[in-house]
Amino acid sequence: MINYQSVEISGIDPFREQGGNEIYQNLRMLYTTAEGAVPFDRSFGINTDLLDEPLTIAKGRLMVEYRQKTKRFEPRVSVREVTFTADSLDGRLIPKVVIEVDPESQ
């Protein structure tokens, strides 16, 4: 099972980048919120229906979801890579999203 609540975000130093802390917090909120949970903006968050899919399909759909939602809700960055690490203690996969800050947005 994919544990989307434990997503890791890398590629940004929240304390060095201008607006880095804000970007990091925005992405953290976006990636750990289930789509449909925010009143007046039901498209905000990650579609958790994909987590019921077979693992290979869920991973692929989650990669697409991160890219599309990041582009829509935090256009100052782009997703460079999405990988998954295994948590052998509870048998879950933890997504890791590597982002790149657009220098023109600074």
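Tutor: Buried here means under 20% relative accessible area, exposed means over 50%, and partly exposed lies in between, with a 1.4 Å probe and protein chains only. The model is predicted, so local features need pLDDT of at least 70 and side-chain atom pairs pLDDT 80 or more, while totals for chains, interfaces and linings use all residues. Residues are numbered from 1 along each chain as its sequence is written, and side-chain values use heavy atoms, without hydrogens or water.

The part to look at is helix α2. Helices (H or I, at least four residues) and strands (E, at least two) are DSSP runs numbered from the N terminus. Helix α2 covers residues 55-73, 19 residues in total. From first to last C-alpha, α2 reaches 26 Å, close to the 27 Å expected at 1.5 Å a residue. That expected span is 1.5 Å times one less than the number of residues.

Start with its buried side. Ala58, Leu62, Glu65, Tyr66, Lys69 and Thr70 are the buried residues of α2. They fall within an arc of 115 degrees seen down the axis, so they line one face of the helix. The arc is taken over directions from the helix axis to the C-beta atoms. An α-helix has 3.6 residues a turn, so residues three or four places apart point the same way. Turned away from the buried side of α2, the other face carries the exposed residues Thr56, Gln68 and Lys71.

Now the partners. The buried residues of α2 pack against α1 (20-32), β2 (77-87) and β3 (92-101); contact means heavy atoms within 4.5 Å. Two residues show this in detail. Leu62 touches Ile2, Ile46, Leu50, Phe84 and Pro95, leaving out residues up to four places away in sequence. Thr70 is buried, at 1% relative accessible area.

Helix α1 has 13 residues and reaches 18 Å, close to the 18 Å expected.

The strands come next. β2 and β3 run antiparallel, joined by 10 bridges; strands pair if DSSP finds at least two bridges between them. Their hairpin has 4 residues between the strands, and Gly91 there takes a positive phi near 70 degrees.

A nonpolar core is a set of buried Ala, Val, Leu, Ile, Met, Phe, Trp, Tyr and Cys residues joined through side-chain atoms within 4.5 Å. The largest one has 23 residues, and Leu62 and Tyr66 are among those with the most contacts inside it. α1, α2, β2 and β3 each give two or more residues to this core.

Last, the end of α2. The whole structure holds 2 aromatic pairs; rings of Phe, Tyr and Trp (its six-membered ring) pair if their centres lie within 6.5 Å, with planes under 30 degrees apart stacked, over 60 edge-to-face and the rest tilted. Phe44 and Phe73 have ring centres 5.1 Å apart and planes at 80 degrees, so this pair is edge-to-face. Phe44 lies in the loop between α1 and α2 and Phe73 in helix α2, so the pair ties together parts 29 residues apart in sequence. Phe44 is buried at 15% relative accessible area, whereas Phe73 is partly exposed at 23%.
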